[in-house]
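Please look over the sequence and the structure shown here before reading on. The paragraphs that follow begin with a ligand and then widen to the sheet, the helices and the chain as a whole.

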Amino acid sequence: MAPSNLRSRANVTANNQHDSPKSSTEKPSSASKLTADEDEGPSRLFVVDILRVLAGLILLSITLSYFITGNSITWGYRPAFTRPARIKAWLRGPLNLTDAQLSLYNGTDPNLPILLAVNGTIYDVSAAPHYYGPGGMYGFFSGRDATRAFVTGCFDTDLNGDLRGVEEMFMSEDLSSGAEFTREEKRERKLRKERERRLAKKQVEETVRGWERMFDGGKDGKYFKVGKVWRGEGSGWEGWGEVKELCEKARAGRPGRTAEEVA
Ligand code: HEM
Ligand SMILES: *[C@@H]1O[C@H](CO)[C@@H](O)[C@H](O)[C@H]1NC(C)=O
Ligand SMILES: *[C@@H]1O[C@H](CO)[C@@H](O)[C@H](O)[C@H]1NC(C)=O
Ligand SMILES: *[C@@H]1O[C@H](CO)[C@@H](O)[C@H](O)[C@H]1NC(C)=O
């Protein structure tokens, strides 16, 4: 505190000396300027002092932490944004890979990070090679966008990003095909089916959102977003062909429809 008081007093004296030779007509405005300086001068210095003290404390903490822990400047605490892989990715900027380019990042090349994509967004999952590396429990997710499998759980047939028709796994099976219905009944069934599909699509979105949340900083920030899959023309995206059948496992999990609903 002492230095700031000294400095502000020095300012006032300097101002007074500067003012004194001036004509008396100028005096009132100079005087008011002086009082204004007195109002904000000390408070500005006060803020500077606080910042200086804080900087000193941080420096002290960094120094002590470094000497006591031997290697960490943050007492062993490593927030996500201080991790080298993140900083590297941040400096490099967002990735823009085609599905084919993404396939190189499946963990086989030890010089490349392990990446996977969920609905076109690429995440770095290098932090968990035991899940996503070669031979890992979920290694088949790496190097591709396997969003469909993230929803259906069919890890053999559905390792792709095609979500068309996948909502049917959340829709009841139509057990009454071939039955005769009046026109009124048909209309009603159609409306019900449309409503069901809307709700089912919401469920698919929620499931996908859940995985996106996990890979984008969930799970203690182990994983993080690194870019997008490029799916412009000529990237292979269009070659998906016809809408696929729901896989066995997803079909088996479809909700049934009560006899009353079917009737
Ligand atoms: C749609 C179906 C499923 C998908 C998409 C899926 C996906 C995943 C993924 C991506 C992980 C890694 C999590 C991480 O990175 O920390 C995981 C972990 C795990 N999954 Fe699954 N899984 C599914 C179903 C199942 C089922 C049915 C079982 C049980 C038989 C199971 C057992 C496990 C276990 C034990 C772990 C390790 C959990 C941990 O250590 O945190 N999963 N799953
Ligand atoms: C991504 O890369 C493709 C070429 O592979 C390029 O045509 C496209 O403009 C890029 N997109 C962005 C957002 O950088
Ligand atoms: C990863 O991709 C490379 C190149 O496409 C391939 O040779 C390798 O077998 C793949 N590894 C795994 C574990 O899928
Ligand atoms: C997938 O991403 C597209 C945009 O690229 C978006 O329109 C769509 O709603 C997403 N689907 C899900 C299920 O999140």
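The residues around ligand 2 are Asn96, Thr98, Trp230 and Gly232, where a residue counts as near a molecule if its C-beta atom, placed from the backbone, lies within 6 Å of it. By class, this shell around ligand 2 holds 1 nonpolar, 3 polar and no charged residues, with Ala, Val, Leu, Ile, Met, Phe, Trp, Tyr, Cys and Pro taken as nonpolar, Asp, Glu, Lys and Arg as charged, and the others, Gly among them, as polar. This is a predicted model, in which local features need pLDDT of at least 70 and side-chain atom pairs count only at pLDDT 80 or more, while totals for chains, interfaces and linings use all residues. Residues are numbered from 1 along each chain as its sequence is written, and chains are lettered from A and ligands numbered from 1 in the order in which they are written.

Asn96, one of the residues around ligand 2, also stands opposite Lys228 in S4. Strand S1 (residues 95-97) runs parallel to strand S4 (residues 224-229), and 3 bridges join them; helices (H or I, at least four residues) and strands (E, at least two) are DSSP runs, numbered from the N terminus, and two strands pair if DSSP finds at least two bridges between them. S4 also pairs with strand S3 (residues 121-124), here in the antiparallel sense and over 4 bridges. Within that pairing, Ile122 stands opposite Gly227, and Tyr123 has Lys225 as its bridge partner. Strands of a sheet pair through backbone hydrogen bonds, either parallel or antiparallel.

Taken together, 4 strands form an open sheet of mixed pairing, in the order S1-S4-S3-S2. Its edge strands are S1 and strand S2 (115-118), each of which pairs on one side only, and the twist averages 35 degrees from one strand to the next. Helix H7 (residues 183-215) lies across S2 and S3 and runs at about 150 degrees to S2, the angle being taken on a scale from 0 to 180 degrees between the N-to-C directions of axes, which are lines fitted to C-alpha atoms, for helices over the stretch in contact (C-beta atoms, placed from the backbone, within 7 Å).

Two other ligands have shells of their own. Ligand 1 is surrounded by Ala128, Tyr131, Tyr138, Phe150, Gly153 and Lys219, a shell with 4 nonpolar, 1 polar and 1 charged residues. Around ligand 3 are Ser103, Asn106, Thr108, Pro134, Gly139 and Gly143, which by class are 1 nonpolar, 5 polar and no charged residues.

Turning to the helices, of the 9 residues of helix H3 (residues 84-92) the number buried is 0, so H3 lies largely in the open; buried means that 20 or more other C-beta atoms, placed from the backbone, lie within 10 Å of the residue's own. H3 is followed by Gly93, whose phi is positive, near 90 degrees. An unreviewed UniProt entry places a "transmembrane region" at residues 50-68, an annotation that may be inferred rather than shown by experiment. Over residues 50-68 the chain is 100% helix and 0% strand, with the end C-alpha atoms 26 Å apart.

For the protein as a whole, the secondary structure comes to 10 helices and 4 strands, and buried residues make up 16% of its 263 residues.

Conventions
A residue is buried if 20 or more other C-beta atoms lie within 10 Å of its own, exposed if 12 or fewer, and partly exposed in between; C-beta atoms are placed from the backbone. Two residues are in contact if their C-beta atoms, placed from the backbone, lie within 7 Å.
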